[in-house]
Amino acid sequence: MKIQTNSSGTRSIEIEETHLLTIEKYQLLRDLIDSNGYVDEQVLDKLKLNIRSLLESQAGVDKELLDLCLDVIYHPNMKAFGLQQLVLLYINWKDRGNNNLGSTTRAIQGTPFN
């Protein structure tokens with residue numbers, strides 16, 4: 001499934017279920033967003049720092065975490081707007097029992113994340 005990464009809709013990133021599973025495994029979105037609920041560039045920077053810390057503290061490299069970094073978090077199109085869309089996708093995925101991304105994709109298509 002693709003998430004939109006800018007408000008005009010001209011940029012996107014492909015998200016796979018393995019990316020969502022990795023986010024869940026490491027609880028990467030837990031306590032990431034302040035109580036104000038805004039996702040801005042500082043929140044994206046905080047996520048990047050948290051992931052960098054995880055990578056530095058692990059003896060072995062987790063391929064899924066590296067894939068998430070390369071494919072999504074450090075993707076050139078990833079901005080705060082894209083992170084907001086990723087958070088919404090993750091919440092929807094969790095609410096649906098996180099076992100079938102295809103049904104989540106169908107449920108999200110046509111529903112704007114504004």
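Which pattern does the chain follow when read along the sequence? I looked this up in a predicted model, and I noted that the chain runs β-β-α-α-α-α-α, with the secondary structure coming to 5 helices and 2 strands.

Entry on the chain as a whole. I looked up burial and found that, of the 114 residues of the chain, 37% count as buried. I then turned to contacts between residues at least 6 apart in sequence, and noted that 64% of these join residues at least 24 apart.

Entry on H2 and H3. I looked up how helix H2 (residues 41-57) lies against helix H3 (residues 63-73), and found that their axes come within 11 Å and cross at roughly 155 degrees. Because angles over 145 degrees count as roughly antiparallel, I recorded H2 as roughly antiparallel to H3. I also noted that H2 passes H3 in a left-handed crossing. On the H2 side the contact is made by Leu 47, Lys 48, Ile 51, Leu 54 and Leu 55, and on the H3 side by Leu 65, Leu 66, Cys 69 and Ile 73. Sorting the residues of this contact, I have 8 nonpolar, no polar and 1 charged.

Entry on the core. I looked up the largest nonpolar core, which has 27 residues, and found that Leu 83 and Leu 86 touch the most other members. Helix H1 (17-26), H2, H3 and helix H4 (80-95) each supply at least two residues of this core, and H4 gives the most, with 6 residues.

Entry on Leu 86. Leaving aside its neighbours within four places in sequence, I found Leu 86 in contact with Ile 3, Ile 15, Leu 20, Ile 23, Val 72, Ile 73 and Met 78. One of these, Ile 73, I had already listed on the H3 side of the contact with H2.

Methods
Residues numbered from 1 in each chain as written. Predicted model: local features only at pLDDT ≥ 70, side-chain atom pairs only at ≥ 80, totals over all residues. Heavy atoms only, no water. Axes fitted to C-alpha atoms, helices over the stretch in contact; angles between N-to-C directions. Helix = DSSP H or I, 4+ residues; strand = E, 2+ residues; numbered from the N terminus. Parallel < 35°, antiparallel > 145°, perpendicular 65-115°, else oblique. Left-handed = near helix turned anticlockwise from the far one by under 90°. Contact = heavy atoms within 4.5 Å. Nonpolar A, V, L, I, M, F, W, Y, C, P; charged D, E, K, R; others polar. Core = buried A, V, L, I, M, F, W, Y, C linked by side-chain atoms within 4.5 Å. Buried < 20%, exposed > 50% of the residue type's maximum accessible area, 1.4 Å probe, protein only.
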